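Please find below some notes for a colleague opening this entry for the first time. They go through the points in turn.

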Amino acid sequence: MTRPVLATMVVCALAGGAGAVHAQGYPDRPIKLVVPFPAGGATDTSSRLVAARMQAALRQTVVIENQGGAGGTIGTRQVAHAPPDGYTLLMGSIGTFGSQPLLYKLDYDPAKAFTPVATTVVDKLVLVAGPSLPVKTVQALVRHARGFPGKLNYGNAIGIGPHLITELFKIKSGASIVHVPYRGGAPMIADLLAVQIAMTINGKSVLLPHIQAGKLHALAVTSAERWPELPDVPTLTELGYLDAPYDAMFGIVAPADTPAAVIDTLNAAINDGLRSSELRASLTKLGIDPMITSPREFAAIIAREIPKWAEVVRITGVKAAE
């Protein structure tokens, strides 16, 4: 099956929640939101903020369950095989649909296993050097990596956007940098600060505090424009190391065949939370932007991104086991 055909299937199969009436009696027990990475990383950080507002809107407990490993596929699989009743949800990303199916042997098809509920946030990314790396600019990093081929390393979970972006950067720059796989962002950042790895690309929400504290040095950002917090730090596109900007987008999905009324109820609760001044203030402190969509709009985003990331996987030659 071609990627365009698959993308069309995603829109048709995943957009069933739009326009439904609210589900009567739902939810009448706690909801589990699976975060497919360890606690403390970028995905987990925003998930907890969003879940807190969902609780208030739904008047029901939303429990975060961290299930890290295998590039996020362990937790994703759990939700793919969960009952389609709205009580087990996944905090997903474009990688859930775009790169994971190409890198792992899955016993589920993400295009058929999930129904989009709502996008949640956009977390911008930054390339940082750890305490062991004596560089202050991207150009200096590239020269250092070329001078010591295979000696530098960076950390990230396999197949997520930051991993693939770093591999694109390596190709564009000719820098020889070794990938060290991690289960998620939190253990990777701990090792970066402890000088176990040299650098990474990861979320603003988890790296900016360390940058501002002087523990990490920001070399470049992957967004379209420079950040207000780091006005002297260039973008990778303006430096010529990326052909297009990239920000990490997250969103909640449910198992396929979840009733449309349940999807509508969840979408309304999530979007109401994202509009609240309390959640927006919390997100602003972390530099995260809320992103409000309908289920159908979320499905269209997924369909648009699938072929894009399939091409990135092809260009970089990333494999699941490195």
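1. Helices here are DSSP runs of H or I, at least four residues long, numbered from the N terminus. By that count Asn271 lies in helix 11. The model is a predicted one.

2. Is Asn271 buried or exposed? The relative accessible area of Asn271 is 5%. Because buried means under 20%, Asn271 counts as buried. Leaving aside residues up to four places away in sequence, Asn271 touches Ala118, Ile292 and Thr293.

3. Helix 11 covers residues 260-275 and packs against helix 12 at an angle of about 65°, the axes being 5 Å apart. The two helices are therefore roughly perpendicular. On the side of helix 11 the contact is made by Gly273, Leu274 and Arg275; helix 12 contributes Ser277, Leu279, Arg280 and Leu283. Sorted by class, the residues of this contact are 3 nonpolar, 2 polar and 2 charged.

4. Helix 12 (residues 277-286) also meets helix 2 (residues 42-58): their axes come within 10 Å and cross at roughly 170°. Angles over 145 degrees count as roughly antiparallel, so helix 2 is roughly antiparallel to helix 12. Thr45, Leu49, Val50 and Arg53 of helix 2 make the contact with Glu278, Leu279, Ser282, Leu283 and Leu286 of helix 12. This contact has 5 nonpolar, 2 polar and 2 charged residues.

5. An open sheet of 6 strands runs in the order 2-1-3-10-4-11, and its pairing is mixed. Strand 2 (62-66) and strand 11 (288-290) stand at the edges; each has a single partner strand, so one side of each is left without a neighbour in the sheet. On average, and with direction ignored, neighbouring strands are turned by 30° against each other.

6. Which strand pairs with strand 3 over 4 bridges? Strand 3 (residues 88-93) pairs with strand 10 (residues 248-255), and the sense is antiparallel. Within this part of the sheet, Leu90 has Val253 in strand 10 as its bridge partner.

7. Two helices pack on the sheet. Helix 3 (residues 73-80) touches strand 1 (31-35), strand 2, strand 3, strand 4 (114-123) and strand 10, and its direction makes about 140° with that of strand 3. Helix 13 (residues 295-316) touches strand 4 and strand 10. The direction of helix 13 makes about 80° with that of strand 4.

How values were computed. Residues numbered from 1 in each chain as written. Predicted model: local features only at pLDDT ≥ 70, side-chain atom pairs only at ≥ 80, totals over all residues. Heavy atoms only, no water. Axes fitted to C-alpha atoms, helices over the stretch in contact; angles between N-to-C directions. Parallel < 35°, antiparallel > 145°, perpendicular 65-115°, else oblique. Contact = heavy atoms within 4.5 Å. Nonpolar A, V, L, I, M, F, W, Y, C, P; charged D, E, K, R; others polar. Pairing = 2+ DSSP bridges. Buried < 20%, exposed > 50% of the residue type's maximum accessible area, 1.4 Å probe, protein only.
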